[in-house]
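Good morning, colleagues. Please take a moment with the sequence and the structure on the screen, and then I shall go through a few of their features.

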Amino acid sequence: MTGTRSVIMAVAAARKAAGAIDRYLGGDGDIEQHLAPEQCAAGWIGKEEGFGFRKRMEPRTLTPEIRKTCFETMDLGFDEAMAQCEAGRCLQCDLRLQMEPQTFWSDYISQGGDQNGV
């Protein structure tokens with residue numbers, strides 16, 4: 001087993017073990033954490049002509065001439081204006097996950113076949 005499925009199964013096994021350890025140490029076994037409040041995306045964010053064709057902002061980088069002479073960080077990220085532009089392009093990117101469930105690699109493995117889906 002490889003890929004997304006094995007990672008998900010490993011995380012699930014680790015969470016199960018952590019719950020058992022918590023119970024052994026006197027806890028209730030509940031290891032759930034809520035680090036941020038649940039947020040619901042607006043179901044309709046408005047239509048903007050050409051939105052699907054917006055290009056991704058490329059981060060600023062050091063030039064090749066500078067990169068070959070030092071060990072400085074190459075990727076300088078976005079300045080404030082670039083970050084705002086990229087955030088506007090990606091506004092509520094997770095909205096599609098509420099419209100249609102996400103698909104994992106393991107979903108493509110046939111039920112009766114081997115790991116290659118054959």
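**Salt bridges, a helix and its surroundings**

I begin with Arg-15, which is partly exposed because its relative accessible area is 38%. Please keep in mind that this is a predicted model.

What does the side chain of Arg-15 meet in a salt bridge? The partner is Glu-32, with a distance of 2.7 Å from N to O. Arg-15 belongs to helix 1 and Glu-32 to the loop between helix 1 and strand 1, so the pair ties together parts that are 17 residues apart in sequence. In general terms, side chains of opposite charge can pair when their charged atoms come close.

Let me stay with helix 1, which covers residues 4-24. After helix 1 comes Gly-26, with a positive phi near 105 degrees.

Ile-21 also has its place in helix 1. Is Ile-21 buried or exposed? Ile-21 counts as exposed, because its relative accessibility is 52% and the cut-off for exposed is over 50%. Together with Tyr-24 and Leu-25, Ile-21 makes a nonpolar surface patch of about 430 Å². As a general point, an α-helix has 3.6 residues a turn, so residues three or four places apart point the same way.

I turn now to the other salt bridge, as the count for this model comes to 2. Here the side chains of Arg-56 and Glu-58 meet, at 3.6 Å from N to O. Arg-56 counts as partly exposed, because its relative accessibility is 45%. Glu-58, by contrast, is exposed, with a relative accessible area of 56%.

Which residues does Glu-58 contact, once its neighbours within four places in sequence are left aside? They are Phe-78 and Met-82.

Next, the cysteines. How many disulfides are there? The count comes to 0, where the sulfur atoms of a pair would have to lie within 2.5 Å. Cys-70 counts as partly exposed, because its relative accessibility is 25%. Cys-85 is likewise partly exposed, with a relative accessible area of 42%.

Finally, the protein chain as a whole. Its secondary structure comprises 4 helices and 2 strands, and from the N terminus on the order is α-β-α-β-α-α. Of the 118 residues in the chain, 7% are buried. The chain exposes about 10,500 Å², of which carbon and sulfur atoms supply 56%. Among contacts with a separation of 6 or more, 43% are between residues 24 or more positions apart.

To close, I return to the two salt bridges: Arg-15 pairs with Glu-32, and Arg-56 pairs with Glu-58. Thank you for your attention.

How values were computed: Residues are numbered from 1 along each chain as its sequence is written. This is a predicted model: local features need pLDDT of at least 70, side-chain atom pairs count only at pLDDT 80 or more; totals for chains, interfaces and linings use all residues. Side-chain values use heavy atoms; hydrogens and water are left out. Patches are made of residues with over 30% relative accessible area and no salt bridge: like charges are joined within 9 Å, nonpolar side chains (Val, Leu, Ile, Met, Phe, Trp, Tyr) within 5 Å. Accessible areas come from the Shrake-Rupley method with a 1.4 Å probe; for residues, only the protein chains shown count as cover. A salt bridge is a side-chain nitrogen of Lys or Arg within 4 Å of a carboxyl oxygen of Asp or Glu. Buried means under 20% relative accessible area, exposed over 50%, partly exposed in between (1.4 Å probe, protein chains only). Contact means heavy atoms within 4.5 Å.
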